[in-house]
Amino acid sequence: MVTISGKARLAGVLGWPVSHSKSPLLHNFWFERHGLDGVYVPLPVAPTDLASVVRALPRMGFLGCNVTLPHKAAMLDLVDTVDPLAAAIGAVNTVLVGKSGELNGHNTDGLGFLAHLDASVPDWRASTQRVVLVGAGGAARALAFTFLANGINELALVNRTPERAATLVGRLSDSAGAAVSALPWAERHRALEGADLLVNTTSLGMVGQPALDLDLAPLPPAAVVADIVYTPLTTPLLAEAERRGHRTVDGLGMLLHQAVPGFTHWGGTRPVVDEATRRLMLAPPVAEPNTG
Ligand code: ATR
């Protein structure tokens with residue numbers, strides 16, 4: 001049983017709506033597992049109330065919070081400092097309260113993806129030059145800037161809407177030494193030639209969505225295939241990649257690892273991401289008690 005004292009460490013997740021968020025489940029699991037006196041709560045906050053709520057958090061003793069839709073971009077202007085990676089991505093997903101109550105904004109989405117890749121395919125950095133990203137939305141932006149910040153200089157983007165890919169390429173190309181290109185959606189299959197890592201950043205393949213229509217034949221056999229979709233855990237893309245003998249990386253690890261920097265701050269200890277943590281996140285939600 002969780003015991004919360006008057007000195008409990010406080011954190012939460014800001015969103016609107018926020019009821020679907022799995023972050024409370026994850027962070028409270030870690031508080032309990034590490035024997036810490038702390039609690040992590042959902043914070044349903046409408047966009048019009050965001051600024052006043054954010055300023056109030058340190059005054060109420062909160063050590064930080066995570067930020068989800070639709071607040072990630074608005075948070076950039078509400079914190080006192082923005083980490084350069086979050087500024088480049090244009091979104092904040094983690095706010096850490098500093099010693100004097102100042103709010104420091106970070107983006108750990110891309111770092112979470114890389115941490116999961118490090119854990120799943122330890123040699124990927126040595127063997128990766130060219131990365132192909134499918135998509136040009138918020139997730140692609142987070143991954144692309146994080147790849148560039150971590151020494152991957154060759155990125156190819158394929159997106160259904162070419163203007164969106166072109167805009168992102170324009171922003172990424174400002175990074176010194178980066179070779180970033182956008183390819184038309186019709187050429188997405190050919191874009192896989194010479195790729196070392198392929199990542200689907202779109203929602204295609206998610207339960208209720210069509211599968212990503214991508215012919216993996218041009219992909220070199222040694223290439224790693226990753227998906228950010230985690231429902232189902234084995235997307236049609238990953239199933240096809242496995243069938244062809246590629247090493248694959250599922251989307252669940254990104255969700256878990258992006259939470260590590262925040263918890264390390266408000267929990268005061270680095271949490272472990274392991275099989276038990278993965279099982280927790282995959283468990284179906286606890287049924288509502290039948291009060292009828
Ligand atoms: P997120 O912030 O999660 O990345 P998003 O900004 O809505 O979400 O981006 C969704 C991505 O999935 C986009 O790249 C989108 O392509 P468009 O820019 O052309 O909209 C892509 N996407 C969604 N549905 C798609 C579909 N049916 N076919 C191809 N791409 C799709």
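Which residues does R130 touch, not counting residues up to four places away in sequence? The first legend below takes this up, after a word on the model. The structure is a predicted model, in which local features need pLDDT of at least 70 and side-chain atom pairs count only at pLDDT 80 or more, while totals for chains, interfaces and linings use all residues. Residues are numbered from 1 along each chain as its sequence is written, and side-chain values use heavy atoms, with hydrogens and water left out.

**View 1. R130 and the residues it touches.**
R130 sits in strand β7, residues 130-134; helices (H or I, at least four residues) and strands (E, at least two) are DSSP runs, numbered from the N terminus. Beyond residues up to four places away in sequence, R130 touches E154, A156, A191, E193, G194, A195, D196 and L197, where contact means heavy atoms within 4.5 Å. With a relative accessible area of 15%, R130 is buried. Here buried means under 20% relative accessible area, exposed over 50%, and partly exposed in between (1.4 Å probe, protein chains only).

As a reminder, an α-helix has 3.6 residues a turn, so residues three or four places apart point the same way.

Of the 13 residues around the ligand, A136, N159, R160, T161 and R164 come nearest; a residue is near a molecule if one of its heavy atoms lies within 4 Å of it. By class, this shell has four nonpolar, seven polar and two charged residues. In that scheme Ala, Val, Leu, Ile, Met, Phe, Trp, Tyr, Cys and Pro count as nonpolar, Asp, Glu, Lys and Arg as charged, and the others, Gly among them, as polar.

Now look at the oxygen atoms of the ligand. A polar side-chain atom of T161 is 2.5 Å from a ligand oxygen atom, and for a polar side-chain atom of R164 the distance to a ligand oxygen atom is 2.9 Å. A136 takes part through its backbone, with a polar atom 3.0 Å from an oxygen atom of the ligand. Taken alone, the ligand exposes 640 Å², and the protein buries 68% of that; accessible areas come from the Shrake-Rupley method with a 1.4 Å probe.

**View 2. H27 in helix α1.**
H27 is part of helix α1, residues 23-33, and counts as buried at 0% relative accessibility. Leaving aside neighbours within four places in sequence, H27 is in contact with Y40, N66, A259, F263 and W266. The side chain of H27 makes a polar contact with the side chain of W266 at 3.3 Å, and another with the side chain of N66, at 3.3 Å. A polar contact is a pair of N or O atoms within 3.5 Å; within protein, one must be able to donate a hydrogen and the other to accept it, and residues adjacent in sequence count only if both atoms are side-chain atoms.

**View 3. V82 in strand β4.**
V82 lies in strand β4 and is partly exposed, with a relative accessible area of 31%. Setting aside its neighbours within four places in sequence, V82 is in contact with L76, A87 and G105. V82 and V95 are 13 residues apart along the chain, and their C-alpha atoms are separated by 9.3 Å.

K99 belongs to the loop between β5 (94-97) and β6 (103-106), and at 87% relative accessibility it counts as exposed. P70, in the loop between β3 (62-67) and β4 (81-82), is joined to L69 by a cis peptide bond with omega about 0 degrees. The peptide bond from T231 to P232 is also cis, with omega near 5 degrees, and P232 is found in the loop between β11 (224-227) and α8 (236-243).
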